[in-house]
Amino acid sequence: MAAGFKSEHSFVNLVSLILVMVLLSEHGALLGLADETGNLDVESEFCNNDLTTFLPPPYGNLSNVRCQLVWNTFILRYSQSRDHVVTFVLSALYTTGWVGIGFSKDGMMPGANAMVGWISKTGHARIKQYHLKGYKRSEVIPGKGFLNFTSIPPVVVLDGANIYLAFQLQFASAIKRQPTLLAYSSKYPVNHELSVHDDKLSMVIDYSTAALPVTASVDHSQMKRSHGILGILGWGLFLPIGAMVARFMKQKEPLWFYLHTIIQFISFFVVVSGVVVGQALYNSIHADVSAHRGIGYFALTLCILQVIAFFIRPDKESKFRRLWRTYHGFVGVLALLFGSVNIVYGIQIGSAGTAWKIGYGFLLGTLLIVAAILQVLSMMRSSEHKVQSPASQINGL
């Protein structure tokens with residue numbers, strides 16, 4: 001028994017060492033990626049186009065204009081006057097569909113107001129304000145919103161391969177860090193009703209800064225996808241599989257223990273990576289997702305407690321072993337429950353779309369069916385052992 005315990009302890013130390021090495025290398029890679037992203041410069045020639053040849057004043061001859069390549073081919077020019085009037089000129093590569101820019105309180109779509117422009121199939125330029133009440137198509141209301149326009153009418157122009165949306169807003173005070181939404185779709189609006197966007201981005205822009213060189217911004221949509229994928233893999237796949245191994249493979253001693261340990265350590269690494277990406281995303285857009293963050297950090301705390309409990313587990317002969325096993329199982333189930341709830345909630349508030357809902361629903365349903373089948377098989381084996389045990393005693397007599 002002592003030799004088995006030592007072997008098991010050595011295995012744990014080896015796994016822990018590998019995990020620490022992987023975490024350190026991943027942390028270094030993330031730091032390197034952030035440094036590379038922060039120092040990536042884009043040539044300023046994108047902002048050197050002469051707008052006076054196709055945009056009417058004041059859009060074509062802005063003073064103290066700041067210009068940034070904010071996302072993909074989206075170039076944002078803006079100028080803020082002393083009386084808090086901000087002039088915006090958004091341009092992007094255009095073929096069909098619509099292009100939009102919105103302003104939000106928290107970086108999220110509900111409650112935001114947007115300006116959307118497009119060139120119709122007949123060649124007519126269209127630009128309109130939309131109030132984004134929610135994520136549903138029916139909640140994107142054309143011609144409504146709370147943007148305070150000046151007397152200068154908004155315009156939309158197609159110049160070469162680029163579309164230009166220009167408008168002017170009056171603010172009560174100077175705007176500084178403003179959560180800004182960008183989106184586009186390749187499908188034309190029908191009766192001014194927008195089709196679902198092909199892609200979108202939420203970012204925070206400091207409109208009070210001095211003129212800046214064109215710099216690349218972090219693609220928050222990719223960060224959201226990475227956060228979601230890591231969350232589903234960690235909470236929705238690896239952790240449940242590791243738990244099922246511990247519950248239904250106890251007869252395969254000591255294989256179940258090694259599999260359970262490896263899978264759960266990998267799961268913990270994936271979960272921590274997802275939290276790191278989520279925190280970086282929050283630091284970038286400051287989205288008002290306090291409930292999602294609270295549930296996530298609570299579930300992560302439960303995972304950390306599980307890891308601590310793993311290292312301080314009592315020996316099999318200890319009188320505290322049964323108590324530890326009950327605690328370990330209860331906290332594990334609680335972590336899985338909160339993790340699953342947070343996945344569903346994250347998909348909803350992140351406007352991830354139907355594909356994410358179907359994908360996670362299919363994964364969760366598959367795991368529940370497999371767990372139910374394994375539970376039935378386990379109960380059948382248990383009943384067989386109970387039947388065989390009295391028979392063996394009779395034969396022994």
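**Exercise 1. Determine the order of the strands in the open sheet of 5 strands, and which strands stand at its edges.**

Solution. The 5 strands of this open sheet follow one another in the order β1-β2-β3-β9-β8, with antiparallel pairing. Strands here are DSSP runs of E with at least two residues, helices are runs of H or I with at least four, and both are numbered from the N terminus; two strands pair if DSSP finds at least two bridges between them. The edges are taken by β1 (66-71) and β8 (155-159), each of which has a single partner strand, so one side of each is left without a neighbour in the sheet. From one strand to the next, the twist averages 20°. Inside the sheet, strand β3 (residues 85-93) pairs with strand β9 (residues 162-170) in the antiparallel sense over 9 bridges, and Phe 88 has Phe 167 in β9 as its bridge partner.

Before going on, note that this is a predicted model, in which local features need pLDDT of at least 70 and side-chain atom pairs count only at pLDDT 80 or more, while totals for chains, interfaces and linings use all residues. Residues are numbered from 1 along each chain as its sequence is written, and side-chain values use heavy atoms, with hydrogens and water left out.

**Exercise 2. Describe the open sheet of 6 strands and explain why β10 is largely enclosed.**

Solution. Begin with the order, which is β7-β6-β5-β4-β10-β11, again with antiparallel pairing. At the edges stand β7 (140-142) and β11, each with a single partner strand, so that one side of each lacks a neighbour in the sheet. The twist averages 25° from one strand to the next.

Next, follow the partners of β10. Strand β4 (residues 98-103) is joined to β10 by 6 bridges and the two run antiparallel; Gly 102 stands opposite Leu 181 in β10, and Phe 103 stands opposite Thr 180 in β10. The pairing of β10 with β11 is also antiparallel and extends over 8 bridges, with Asp 206 in β11 as the bridge partner of Arg 177.

Finally, strand β10 (residues 177-185) is largely enclosed by the rest of the structure because 7 of its 9 residues are buried, where buried means under 20% relative accessible area, exposed over 50% and partly exposed in between, with a 1.4 Å probe and protein chains only.

**Exercise 3. Decide whether Ser 202 is buried or exposed, and find what its side chain reaches.**

Solution. First locate Ser 202, which is found in strand β11 (residues 199-206). Its relative accessibility is 10%, so Ser 202 counts as buried. The side chain of Ser 202 reaches the backbone oxygen of Gly 107 at 2.7 Å.

**Exercise 4. Work out how helices α4 and α5 are arranged, and what lies in the loop between them.**

Solution. Helix α4 (residues 290-311) packs with helix α5 (residues 321-349) at an angle of about 155°, and their axes are 9 Å apart. That angle makes α4 roughly antiparallel to α5. The residues of this contact divide into 16 nonpolar, 8 polar and no charged.

Then consider Ile 349, which has its place in helix α5 and, at 16% relative accessibility, counts as buried. Ile 349 and His 292 are 57 residues apart in sequence and 8.7 Å apart in space, C-alpha to C-alpha.

The loop between α4 and α5 holds Arg 313, which is buried, with a relative accessible area of 14%. The side chain of Arg 313 reaches the backbone oxygen of Phe 310 at 2.7 Å.

Notes:
Axes are lines fitted to C-alpha atoms, for helices over the stretch in contact, and angles run from 0 to 180 degrees between N-to-C directions. Angles under 35 degrees count as roughly parallel, over 145 as roughly antiparallel, 65 to 115 as roughly perpendicular and the rest as oblique. Ala, Val, Leu, Ile, Met, Phe, Trp, Tyr, Cys and Pro count as nonpolar, Asp, Glu, Lys and Arg as charged, and the others, Gly among them, as polar. A polar contact is a pair of N or O atoms within 3.5 Å; within protein, one must be able to donate a hydrogen and the other to accept it, and residues adjacent in sequence count only if both atoms are side-chain atoms.
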